[in-house]
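Subject: Structure for your review

Dear colleague,

Here is the structure I promised to pass on, with my notes below it. Please keep it open while you read.

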Amino acid sequence: MADTSANIPAFGTLLTAMVTPFTVDGKVDYQQAAELAVKLVDDGCDGLVVTGTTGETSTLTDEENVGMFRAVKEAVGGRAAIIAGTGTNDTAHSVHLSRLAADVGVDGLLIVTPYYNKPSQAGVRAHFEAVASSTDVPVMLYDIPGRSSIQIAPDTMIRLAEHPNIVAVKDAKADFAAATRVMAETDLLFYSGDDGLTLQWMALGAVGLVGVTTHVATRRFRELIDAVNANDFGTARKINFELEPVVRATMTRVQGAVAAKQILKWQGVLPNSVVRLPLVEPDEAEIVTIREDLAEAGMVFS
């Protein structure tokens with residue numbers, strides 16, 4: 001198993017799965033994306049995932065995806081790892097988008113389990129291997145059965161680890177027993193894909209977090225991860241408890257991109273909270289609940 005404490009991994013330890021800012025008329029706002037990327041890195045992120053789930057990738061065109069990769073790369077490339085979300089449920093399309101991302105010069109690719117199609121594990125493996133073989137860019141697997149309807153089985157993940165370009169996993173299924181087996185038998189670097197389980201994942205051996213709540217509490221998550229890496233679990237537990245209502249507000253009341261954009265608007269980071277259909281902005285009752293959660297953490301907005 002790889003030593004996850006000796007060095008900071010190439011993808012970093014605190015990665016935000018960035019929202020994609022839009023103008024009021026629904027166009028991608030690349031300038032706002034660049035400014036958000038700079039703020040996130042200034043506040044402690046050493047990696048950014050661009051146009052993943054939270055980036056509303058499923059409603060972006062290829063041109064818009066590539067535009068986001070380029071805008072963020074130009075803004076913070078060299079200061080943080082740029083991971084492009086290029087996975088879809090169409091292998092050929094995923095290969096095409098991955099090659100476009102590679103041409104931009106991204107540092108990694110986030111490839112989600114094929115959704116909707118429900119392939120066999122043999123098909124899952126063939127899909128990931130085809131995408132990973134299409135460029136020289138290292139790949140982070142994204143295991144999220146809550147969205148894809150299927151998991152990456154441990155045996156499949158162990159076989160995928162043999163591919164030289166597959167180096168990491170974003171785990172959003174919280175099967176700690178399965179992850180323990182994969183960590184024990186491979187050198188894959190694990191990242192928590194659940195904001196509220198960062199401490200638990202890192203205690204198991206994960207190297208960090210790919211988060212959404214990290215948009216709105218970046219510095220506190222940086223402190224949490226640094227405390228774990230310093231073996232200061234007392235401090236880590238304290239921060240974890242303090243972050244719970246923020247995670248609740250961002251991840252449990254409405255879809256994560258919707259909540260993150262709303263809170264970023266309240267914080268004055270984004271000028272609006274526009275999302276693309278089929279996502280919609282929070283209604284009044286949802287806004288009240290989100291505000292109540294945030295107030296528990298001392299985050300009150302006028």
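Predicted model: local features only at pLDDT ≥ 70, side-chain atom pairs only at ≥ 80, totals over all residues.

Residues are numbered from 1 along each chain as its sequence is written, and side-chain values use heavy atoms, with hydrogens and water left out.

Pockets

The largest pocket holds about 540 Å³ of space. A pocket here is an open set of points on a 1 Å grid over the protein atoms alone, where a 1.4 Å probe fits and protein lies on both sides within 12 Å along at least five of seven lines, and lining residues have an atom within 4 Å of a point; the volume is the space filled by probe spheres set on the points, which are joined across faces, edges and corners. Its lining has 27 residues, and Gly52, Thr53, Thr57, Ser58 and Tyr115 lie nearest the centre. Two or more lining residues come from each of α2 (62-76), α3 (91-104), β4 (108-112) and α5 (145-148), where helices (H or I, at least four residues) and strands (E, at least two) are DSSP runs numbered from the N terminus. By class, this lining has 9 nonpolar, 14 polar and 4 charged residues, with Ala, Val, Leu, Ile, Met, Phe, Trp, Tyr, Cys and Pro counted as nonpolar, Asp, Glu, Lys and Arg as charged, and the others, Gly among them, as polar.

The second largest pocket has a volume of about 350 Å³, and of its 24 lining residues Tyr142, Ile144, Arg147, Gly193 and Met251 are the closest to its centre. α5, α10 (233-251) and α11 (256-266) each give at least two residues to this lining, which divides into 12 nonpolar, 8 polar and 4 charged residues.

Helix packing

α2 and α3 pack at about 30 degrees with their axes 10 Å apart, the axes being lines fitted to C-alpha atoms over the stretch in contact, and the angles running from 0 to 180 degrees between N-to-C directions. The two helices α2 and α3 are therefore roughly parallel, a term for angles under 35 degrees, whereas 65 to 115 counts as roughly perpendicular. In their contact (heavy atoms within 4.5 Å), Asp62, Asn65, Val66, Phe69, Arg70 and Lys73 of α2 meet His93, His96, Leu97, Leu100, Ala101 and Val104 of α3.

On α3 there is also a contact with α4 (residues 121-132), whose axis comes within 9 Å of that of α3 and crosses at roughly 25 degrees, so α3 and α4 are roughly parallel to each other. Thr91, Ser94, Val95 and Ser98 of α3 make this contact with His127, Ala130 and Val131 of α4, and the contact residues divide into 3 nonpolar, 4 polar and no charged.

For α11 and α12 (residues 284-296), the angle is about 65 degrees and the axes are 12 Å apart, which makes α11 roughly perpendicular to α12. Gln262, Ile263 and Trp266 of α11 meet Ile287, Ile290, Arg291 and Leu294 of α12.

Backbone

In the loop between α11 and α12 lies Pro278, and the peptide bond from Leu277 to Pro278 is cis, with omega near 15 degrees. Glu56, a residue other than glycine, has a positive phi near 55 degrees and is found in the loop between β2 (47-50) and α2.

Best regards

Key
Parallel < 35°, antiparallel > 145°, perpendicular 65-115°, else oblique.
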